[in-house]
Amino acid sequence: MIKTILIVDDEPAARYGLRRALESKYHIAEADSAEAARDALMTEKPDLVLLDVVLPGQDGLSFLKSMRDQGSMVPVLMVSALDAAKTAVDALRLGAADYLVKGFELDELRQRVANLLKLASLEQENDSLRRQLATEGQFGGMIGRSEEMRRAFEIADRVAATDSTVLILGESGTGKDLLAQEIHARSSRSGKAFVAVNCAALPETLIESELFGYERGAFTGAAQLRRGKFEQAHGGTLFLDEIGDMNPVTQAKVLRALENRTIERLGGSQTIPVDARVISATHRDLPAEIRGGKFREDLFYRLRVVTIELPPLRAHKEDIGVLADAFLKMHGARLSRAPRLSREVLTSLEAYDWPGNVRELKNALERSVVMCRGEEIVLGDLPGEVASGQPLTSKESANGADAGMGERDFREAKRRFEVAWITKELVSHRWNVSRTAATIGLHRQSLQEKLRELGIRRPGRELLDGAEE
């Protein structure tokens, strides 16, 4: 398929010369201004743009910036009569693929054009492969074949090519930081810094100086100027993890920085321009935090231009098998072991609710690889809470709804209480039905009937009517 090249130059003679040099191999479109070029981008859909720096009205550098701001990733070869290092640096910083000074040999022009088109073709192939992997359940270092995870990967892949702010929602351990890093890696800013700040880990007295920096002498102990995270992320991506824990005063300053693209260091009066794409994440319910007066509504809407929600692991348990395989290979390679999961263990992994999500699964499997004595991981190699199916912490407990206390229906509340209480007693007696029955004041047969009625199972086993004594 013949490639299309758009030549943007206000001089007819220059456009004629470029056309004659390239028209034998490519389809050529022309524009004499940034305004005409903007229309040509839509109608011609060029594979490469040859862009002059000096144009009537909007100049070439400004037009290049507007292209990138609007998400256009068409490669641009800047062509200029100005042999100035600053102009070339500015062009490359704004996203030009190459820079050529007028007076060049035609063979050099043809070679540069061919190289850029070949590189663009390889990048398109890579993008296509990445999109395919995302639909098949892989996004960088993240894995998930469930519908929920594939949807999150697809949104992340689409937004990565833009400069839009992104808000990632999800419980602790779902991989919000990994998703942010992969969005950065797939963006045009991937060659620049990825700067992460955990807003929950910093005390209120330090978070502002950490984000915005400070001037020498701004406060006791400020012995020298320090650039904050916004400045460190200039040209790259700033990841504000757990932004829901940020205090309202700092929220106001972050909002101002996002809207004005400028910051002021503590103790300073100079306005400093910053160009950082912001990705934020939180495990908190921000609308509820807004209603409680703990989070600014205007900042919320500024952050959530695109929202991606990562589900808790208990909501996509069909991914546990593939995640477990990946973690076993990772830990096995590091520990020089290659154990496999027994069917009983896989059943237990899929039955457990994983309050710590994917991070907890990863750590549990590392522990299992270390503890495993043979070629197969068995129940005894798992952490006790996973083997028993009883989390040390519970999402329901955190919400005050444990054991049915949050239920409105009496019968459902009673059923959930019985399940939780009897299961706890079974775990404390190592799932021995006879000893449990004796302790709680039931006949063994009555307890077995209750277990069948409630559907209580020992992890990795059938219903407990055949349980070990």
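User: How many salt bridges does the count come to in this structure?
Analyst: Quick heads-up: this is a predicted model. Side chains of opposite charge can pair when their charged atoms come close. Here a side-chain nitrogen of Lys or Arg has to sit within 4 Å of a carboxyl oxygen of Asp or Glu. By this rule, the count of salt bridges is 34.

User: Which residue forms a salt bridge with Arg265, with the closest N and O atoms 2.8 Å apart?
Analyst: Let's start from Arg265, found in the loop between strand 13 (262–263) and strand 14 (272–273). The partner is 34 residues apart from Arg265, over in helix 9 (residues 229–232), so look for a Glu there, as the rule asks for Asp or Glu. With the closest N and O atoms 2.8 Å apart, the residue paired with Arg265 is Glu231.

User: Is Glu231 buried or exposed?
Analyst: The cut-off to remember is that buried means under 20% relative accessible area. Arg265 falls in that class at 9% relative accessibility. Glu231 has a relative accessible area of 15%, so Glu231 is buried.

User: What is the N to O distance in the salt bridge of Glu375 and Arg340?
Analyst: These two come from distant parts of the chain, 35 residues apart. Glu375 is in the loop between helix 15 (357–371) and strand 18 (376–377), while Arg340 is in strand 17 (residues 340–341). Their side chains meet in a salt bridge, and the N to O distance is 3.9 Å.

User: Is Glu375 buried or exposed?
Analyst: To count as exposed, a residue needs over 50% relative accessible area. Arg340 comes in at 47%, so Arg340 counts as partly exposed. Glu375 has 61% relative accessibility, so Glu375 is exposed.

User: Which strand holds Glu376, the residue that Arg340 pairs with?
Analyst: Arg340 forms a salt bridge with Glu376, with the closest N and O atoms 3.7 Å apart. Arg340 itself lies in strand 17, and the pair ties together parts that are 36 residues apart in sequence. The strand that holds Glu376 is strand 18.

User: Which residues make a nonpolar surface patch of about 250 Å²?
Analyst: One of the residues is in helix 13 (residues 320–335), and that's Leu335. Patch residues need over 30% relative accessible area, and Leu335 has 31%, so Leu335 counts as partly exposed. The patch is made by Leu335, Val370 and Met371.

Terms used:
Residues are numbered from 1 along each chain as its sequence is written. This is a predicted model: local features need pLDDT of at least 70, side-chain atom pairs count only at pLDDT 80 or more; totals for chains, interfaces and linings use all residues. Side-chain values use heavy atoms; hydrogens and water are left out. Patches are made of residues with over 30% relative accessible area and no salt bridge: like charges are joined within 9 Å, nonpolar side chains (Val, Leu, Ile, Met, Phe, Trp, Tyr) within 5 Å. Accessible areas come from the Shrake-Rupley method with a 1.4 Å probe; for residues, only the protein chains shown count as cover. Helices (H or I, at least four residues) and strands (E, at least two) are DSSP runs, numbered from the N terminus. Buried means under 20% relative accessible area, exposed over 50%, partly exposed in between (1.4 Å probe, protein chains only).
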